[in-house]
Amino acid sequence: EAYNGELTSWTLGSVSLSRLTSDALLYRRLPKHFREPGPEEFLVTLPAKSELRFAQGGKEVRANPGAFFIERSHEPYEFSHAEPADLWVMKLSKDLLAGRIREADRVCSLQFDATNGANGLFVDMVHLSPQRYDAMTEETRVTVFLVQTDVEYFLFFPFLDMGLDLFLHEFPDAVAEDPVVLAEVLLIHLT
């Protein structure tokens, strides 16, 4: 049976961004596919068209456009979509992610809302990056990404939203009358 797909990728310093448009697929990354232990990396996956299904470590996520999820690229997983799909993936090292959120493994296989707030800004920036890519030198790409990362553009703000999601999930009865207190609790919870 014929399969059609197109993979485009960009390098932003130590981070890679890719876009895959393809027919329906089922991909299983099994232990035998790992030749040598590689660096621990995480994939932030953003569906742009069609529902994506991802299973890893006994957890399963079904994400539609308007959401994103994080997966471990260095462990076995199953990834699929039943319809033609368009998706974006940002690959981050464990060290880069760990600098922004404590115990990054706990956010894996969770789905996050990307329709508004900081997570929406994150998705917008991912979608805009390729449009500006060719106009930048390699040094500028690295600098821009590092500045965005350090200024909490690409990573910290979305993880603050995720931190709130996790905090409210772990403490559903938590009510903060003072937003400053909630922010302080979140920062303590994330770091």
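**Ring cluster.** I began with the aromatic rings of this predicted model. I found Tyr27, Phe54, Phe69 and Tyr77 joined into a cluster by ring pairs. Then I looked up the total, and the count comes to five aromatic pairs.

**The tryptophans.** Next I turned to one of these pairs, tryptophan 10 with tryptophan 88. I noted 5.9 Å centre to centre and 15 degrees between the planes. The pair is stacked, because planes under 30 degrees apart count as stacked. I also checked where the two residues sit: tryptophan 10 is in strand S1, and tryptophan 88 is in strand S9, residues 85-93. They are 78 residues apart, so I wrote down that this pair links distant parts of the chain. Are they buried or exposed? Both tryptophan 10 and tryptophan 88 turned out to be buried.

**The phenylalanines.** My next entry is phenylalanine 68 with phenylalanine 112. Their ring centres are 5.8 Å apart and the planes stand at 35 degrees, so I call this pair tilted. Phenylalanine 68 belongs to strand S7 (residues 67-72) and phenylalanine 112 to strand S10 (residues 111-113). With 44 residues separating them, this pair also links distant parts of the chain. I looked up burial here too, and both phenylalanine 68 and phenylalanine 112 are buried.

**A glycine in a loop.** Last, I went to glycine 13, in the loop between strand S1 (5-12) and strand S2 (15-22). Its relative accessible area is 28%, so I logged glycine 13 as partly exposed. Which distance did I find from glycine 13 to threonine 140? Their C-alpha atoms are 9.4 Å apart in space, while the two residues are 127 residues apart in sequence.

Note on methods
Residues are numbered from 1 along each chain as its sequence is written. This is a predicted model: local features need pLDDT of at least 70, side-chain atom pairs count only at pLDDT 80 or more; totals for chains, interfaces and linings use all residues. Side-chain values use heavy atoms; hydrogens and water are left out. Helices (H or I, at least four residues) and strands (E, at least two) are DSSP runs, numbered from the N terminus. Buried means under 20% relative accessible area, exposed over 50%, partly exposed in between (1.4 Å probe, protein chains only). Rings of Phe, Tyr and Trp (its six-membered ring) pair if their centres lie within 6.5 Å; planes under 30 degrees apart count as stacked, over 60 as edge-to-face and the rest as tilted.
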